[in-house]
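User: Can you walk me through this model? I'd like the ground rules before the details.

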Amino acid sequence: MTYPRQPHRGTLTPAPGRTAELVTEEGDFAALAPQWGRLYARCAAATPFQSHAWLHSWWRSYGRPGRLRLVLVREGGELVGAAPLTLVRRPVPALVPLGGAISDYGDVLLDDERGPDAAAALAAALAAAARTALVDLREVRPGAAAERVYDRWRGPRRAVPDSLCLELPALPFDELTARLPSAKARQRVRAQLRRLDALGVKSRTVLPGEVDAALARLLELHRLQWQGRKVTGEHLRPRFREHLVRAVGPMVRAGDAVVTEFRMDDEVVAVDVTLLSPRLAGGYLYGAHPRLRECRADVAVMLLEACAGHARQRPGRETLSLLRGDEPYKHRWRPEPVANRRLLLARRRTAPLLAAALGDAAARRHGKELLRRRAERKERAGGGGT
């Protein structure tokens, strides 16, 4: 099988009135920060996972040399469209979004003021950049800019379900509590708030100059919190630590993230990172000292109250995202399930790759379903739930 070979920087097939460009060098990616930031601000559907700070930092930690593929569209020299991608070779040659498994949403950026023409130009540039590879856009949130590119794609295409996210409206915390299904559940949350107050737990927003130190505490508390239990191993690796510290500081300064510190008896017992965009806020990662659990403090209530407060700080922000995952503890808040989608885009000659990717996705879904059923059988055999 042959793989696409690309120049370090090249011109793609231009659309009328626009130029299209392929960037493959990290130094050029770094230099794009000011232009990228302006485009990001003009794309209302963008999430913090499409910010330059997050993507460039991810590339430095996780990118593989020679595989960067930034597809750019300009109008009058100004960036009006961007697809931040990397080349992978398994299970099929494909261009996939930067951000990988540690990012909950993948997307492209489109200037909202340029209308459908910018989407058509980016679709044409993507087709030229892909050459013999598939374009595989993962974790696309409903309403994302990538959907506009999908609508204007001229070759074979398919959309299939991807991860499930759970979302709440961006309401004050007392209104989120009022949504709970029973008076008993509402009373339990209010009792937990009183307990946190009695324990002397206080929250404060970390200042930009304190972010790096706060993130170091977060990761140490995260390690303590999950010690002896099943944890996402990537969160404990040095490359993730380096990425998080490198990305979140600039994001805090830009208003794309906020770090919250929780203290008890003048000791930091929890740290949380919430990511922010014009339309949504989402708690990304936290670390909590086992002491809180020993004191019977409800950490989920503590974190959601803080996140709801951050979500309400910007007018027009309508969603409090619980991000990916269908964990039972999230369902106590009666969130709305919102499925991300995987958008597969091929050219005529790469249609076989599309078929292969669909077959692989179906096999993986089948495998997950078998594992889920096996876990349910074990749970029933054990005589109870968790």
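Analyst: Helices (H or I, at least four residues) and strands (E, at least two) are DSSP runs, numbered from the N terminus. This is a predicted model, where local features need pLDDT of at least 70 and side-chain atom pairs count only at pLDDT 80 or more, while totals for chains, interfaces and linings use all residues. Residues are numbered from 1 along each chain as its sequence is written, and side-chain values use heavy atoms, with hydrogens and water left out.

User: OK. Where is Glu-139?

Analyst: Glu-139 sits in strand β7, residues 134-140.

User: Is Glu-139 buried or exposed?

Analyst: Glu-139 is buried, because its relative accessible area is 8%. The classes are buried under 20% relative accessible area, exposed over 50%, and partly exposed in between, with a 1.4 Å probe and protein chains only.

User: What about phi of Glu-139?

Analyst: Phi is near 55° there, a positive value in a residue other than glycine. Asp-265 also has phi near 55°. Asp-265 is in the loop between β10 (257-264) and β11, and it counts as exposed because its relative accessibility is 59%.

User: Back to Glu-139. Which side chain does it have a polar contact with?

Analyst: The side chain of Arg-324, at 3.4 Å. A polar contact is a pair of N or O atoms within 3.5 Å; within protein, one must be able to donate a hydrogen and the other to accept it, and residues adjacent in sequence count only if both atoms are side-chain atoms.

User: And where is Arg-324?

Analyst: In strand β13, residues 319-324. Arg-324 is classed as partly exposed because its relative accessible area is 23%.

User: What else does Arg-324 contact?

Analyst: Leaving aside neighbours within four places in sequence, the contacts of Arg-324 include Ala-101, Asp-104, Ser-163, Cys-165, Lys-330 and Asn-340. Contact means heavy atoms within 4.5 Å. Tyr-105 is 219 residues from Arg-324 in sequence, and their C-alpha atoms are 8.8 Å apart.

User: Switching topic: how many cavities of 30 Å³ or more?

Analyst: The count is one. A cavity here is a set of points on a 1 Å grid over the protein atoms alone where a 1.4 Å probe fits but cannot get out, and lining residues have an atom within 4 Å of a point. Grid points are joined across faces, edges and corners, and the volume is the space filled by probe spheres set on the points.

User: What volume does the largest cavity have, and what lines it?

Analyst: Its volume is about 60 Å³. The lining includes Ala-45, Gln-50, Tyr-105, Asp-107, Arg-141 and Arg-279.

User: Now the packing. How many residues are in the largest nonpolar core?

Analyst: 81, with Val-259 and Tyr-284 having the most contacts inside it. The largest share, 10 residues, comes from helix α4, residues 116-130. A nonpolar core is a set of buried Ala, Val, Leu, Ile, Met, Phe, Trp, Tyr and Cys residues joined through side-chain atoms within 4.5 Å.

User: What does Tyr-284 touch?

Analyst: Not counting residues up to four places away in sequence, Tyr-284 touches Phe-49, Trp-54, Phe-240 and Leu-323, among others. There is also a second, separate core of 19 residues, including Leu-168 and Trp-333.

User: Last one: which peptide bond is cis at Pro-91?

Analyst: The bond from Arg-90 to Pro-91, with omega near 0°. Pro-91 lies in the loop between β4 (78-88) and β5 (94-97).

Methods. On a 1 Å grid over the protein atoms alone, a cavity is a set of points where a 1.4 Å probe fits but cannot get out, and a pocket is an open set with protein on both sides within 12 Å along at least five of seven lines; lining residues have an atom within 4 Å of a point.
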